[in-house]
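Subject: Handing over a structure

Hi there,

Here is the structure I promised to pass on to you. Have a look at it first, and then read on for what turned up in it.

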Amino acid sequence: MGEGLRLLKITVVRGKTLVIRDFKSSDPYVVVKLGNQNVSMIHLTVYQTAKTRVINSCLNPVWNEELNFTLTEPLGLLNLEVFDKDVWKADDKMGKSYLNLQPLVSAARLRDILGSSCGETALRKVMPERDNCLVRESIINNNVNGEVVQNVWLRLDGVESGELELTIKLITRVAS
C-alpha cells in the first residue's frame with residue numbers, strides 16, 4: 001500500500017429518518033471531509049471536501065452520488081455533516097457523523113499481504129461500539145475488481161434521528 005496512487009470513492013447512497021428543519025420537511029445535502037493529519041512533519045490537518053446535491057423536501061433522500069478523494073498517509077477520519085439548504089438564511093445543521101478509515105486501510109494491507117484472490121472475499125468485520133457511529137456491523141470485502149469495499153450505516157449525532165448509508169471503496173493503482 002506504500003507506493004502508487006490510492007483513491008477513496010465514497011458513494012453517499014441515502015439518508016433515513018432525517019430531522020425536519022423547515023416547516024414540514026427539509027432540503028438535505030451532505031458535506032464529506034477527509035482529514036489527512038501531520039502533513040509535512042508539522043501537526044496540521046488538511047481536509048479534502050466534497051458535497052452532494054440538494055434533495056428538495058425529503059427526509060429519506062436518495063443521492064447515489066460518488067465523491068472521490070486522493071489519499072495520503074497518515075489517514076484520518078471521514079467526517080460527514082448533513083445540512084438543510086435554506087435560501088434566505090444560513091443552512092441548518094441536520095446532524096454529523098464520522099467513520100474511522102483505519103479498519104479499511106488495515107484490510108487492504110491484509111489483502112496485499114495475502115495476495116489478491118479471485119472472487120469476493122470478506123476481509124474484516126467492524127462492530128458498532130460506543131466510540132463509533134456505526135448503526136450495525138459492517139463487513140469489509142475484497143471485490144471481484146480488486147477493490148476493498150465497505151458498506152456502512154452511520155448514526156447522525158447531535159440530532160433526534162437520522163442515519164446515512166455509504167459505500168466506501170479503496171482503490172490502489174500502481175504509479176506509472
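Let me start with a question: with which side chain does the side chain of T52 make a polar contact? The partner is the side chain of W63, at 3.3 Å. By a polar contact I mean a pair of N or O atoms within 3.5 Å; within protein, one must be able to donate a hydrogen and the other to accept it, and residues adjacent in sequence count only if both atoms are side-chain atoms.

Before going further, a word on the basis of all this. This is a predicted model, in which local features need pLDDT of at least 70 and side-chain atom pairs count only at pLDDT 80 or more, while totals for chains, interfaces and linings use all residues. Residues are numbered from 1 along each chain as its sequence is written, and side-chain values use heavy atoms, with hydrogens and water left out.

The overall picture

The chain has one helix and 10 strands, and from the N terminus on they run β-β-β-β-β-β-α-β-β-β-β. Helices (H or I, at least four residues) and strands (E, at least two) are DSSP runs, numbered from the N terminus. Of the 176 residues, 45% count as buried; buried means under 20% relative accessible area, exposed over 50%, and partly exposed in between (1.4 Å probe, protein chains only). Among contacts (heavy atoms within 4.5 Å) between residues at least 6 apart in sequence, 60% join residues at least 24 apart.

Around T52

T52 sits in the loop between β3 (45–51) and β4 (62–70). With a relative accessible area of 3%, T52 is buried. Its side chain also reaches the backbone nitrogen of V30, at 2.9 Å. Leaving aside residues up to four places away in sequence, T52 touches V12, Y29, V30, W63, E65 and L67.

Rings

A search of the whole structure gives one aromatic pair: Y29 and F83 are stacked, 5.6 Å centre to centre with 25° between the planes. Y29 belongs to strand β2 (residues 28–37) and F83 to strand β5 (residues 75–84), so the pair links parts of the chain 54 residues apart. Rings of Phe, Tyr and Trp (its six-membered ring) pair if their centres lie within 6.5 Å; planes under 30 degrees apart count as stacked, over 60 as edge-to-face and the rest as tilted. Both Y29 and F83 are buried.

K51 lies over the face of Y29, 4.8 Å from the ring centre, and K16 lies over the face of W153, at 5.4 Å. A charge sits over a ring if NZ of Lys or CZ of Arg is within 6 Å of the ring centre and within 35 degrees of the ring normal.

Salt bridges

The structure holds eight salt bridges, each a side-chain nitrogen of Lys or Arg within 4 Å of a carboxyl oxygen of Asp or Glu. One of them joins R14 and E165, with the closest N and O atoms 2.7 Å apart. R14 is in strand β1 (residues 5–16) and E165 in strand β10 (residues 163–173), 151 residues apart. R14 is partly exposed at 35% relative accessible area, whereas E165 is buried at 17%.

E65 is buried, with a relative accessible area of 17%, while R53 counts as partly exposed at 41%.

Enjoy exploring!

Best wishes
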